[in-house]
Amino acid sequence: MPFNRGAVGAAASALAGLFVSVYLLFPEQVTSSPYCTINRFLSCGPVVTGEYSKFLGVPVAAYGVVWFAAASALSLLSLRGPHLLRYLTWWGAVGMAGVAYLVYLEFFVIGSVCVFCTLAHLLGALVLGFAVLGRSESG
């Protein structure tokens, strides 16, 4: 079985995103980080502790943990079965729809951008990009 760079990249990105999302579950840790509050606009506090930090009573970061855990599983399984990258591509598209909404909230509703959240968003985009790359590599 040939080496699929897209599947490896997706797995690495998904596992890194899982780590970041778990970290975001602890807002007191996030807000005490020196990278959290850079200025009034780049500040994690209003994002991870404000009224939009939960959806249906569940921390938004928990949805990220679930998304990245599923993406990790799919990408690791696709190392042995590249046909599974099709599902990871769809999962990535679903994730990017959620990211679009979260970025809208940060910029236009909350008025602050969380650096750690942005890192998770970028890692989610990388999962999608690597899944697409992996599909093109597997023919």
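This is a predicted model: local features need pLDDT of at least 70, side-chain atom pairs count only at pLDDT 80 or more; totals for chains, interfaces and linings use all residues.
Leaving aside its neighbours within four places in sequence, which residues is serine 43 in contact with? The views below start there.

**View 1. Serine 43 lies in a loop.** The loop runs between helix H2 (27–32) and helix H3 (45–49). Helices (H or I, at least four residues) and strands (E, at least two) are DSSP runs, numbered from the N terminus. Beyond those sequence neighbours, serine 43 is in contact with Cys36, Thr37, Ser112, Val113 and Cys114. Contact means heavy atoms within 4.5 Å. Serine 43 has a relative accessible area of 8%, so it counts as buried. Buried means under 20%, exposed over 50%, partly exposed in between (1.4 Å probe, protein chains only).

**View 2. Helix H4 spans residues 60–78.** Helix H4 has 19 residues. From first C-alpha to last it reaches 27 Å, close to the 27 Å expected at 1.5 Å a residue. That expected span is 1.5 Å times one less than the number of residues. Its buried residues include Gly64, Trp67, Phe68 and Leu74. The buried residues of H4 pack against helix H1 (5–24), strand E2 (58–59), helix H5 (85–110) and helix H6 (115–138).

**View 3. Tyrosine 101 sits in helix H5.** Tyrosine 101 is partly exposed, because its relative accessible area is 48%.

View 4. Residues are numbered from 1 along each chain as its sequence is written, and side-chain values use heavy atoms, without hydrogens and water. The mean pLDDT (the predictor's confidence in each residue, from 0 to 100) is 93.
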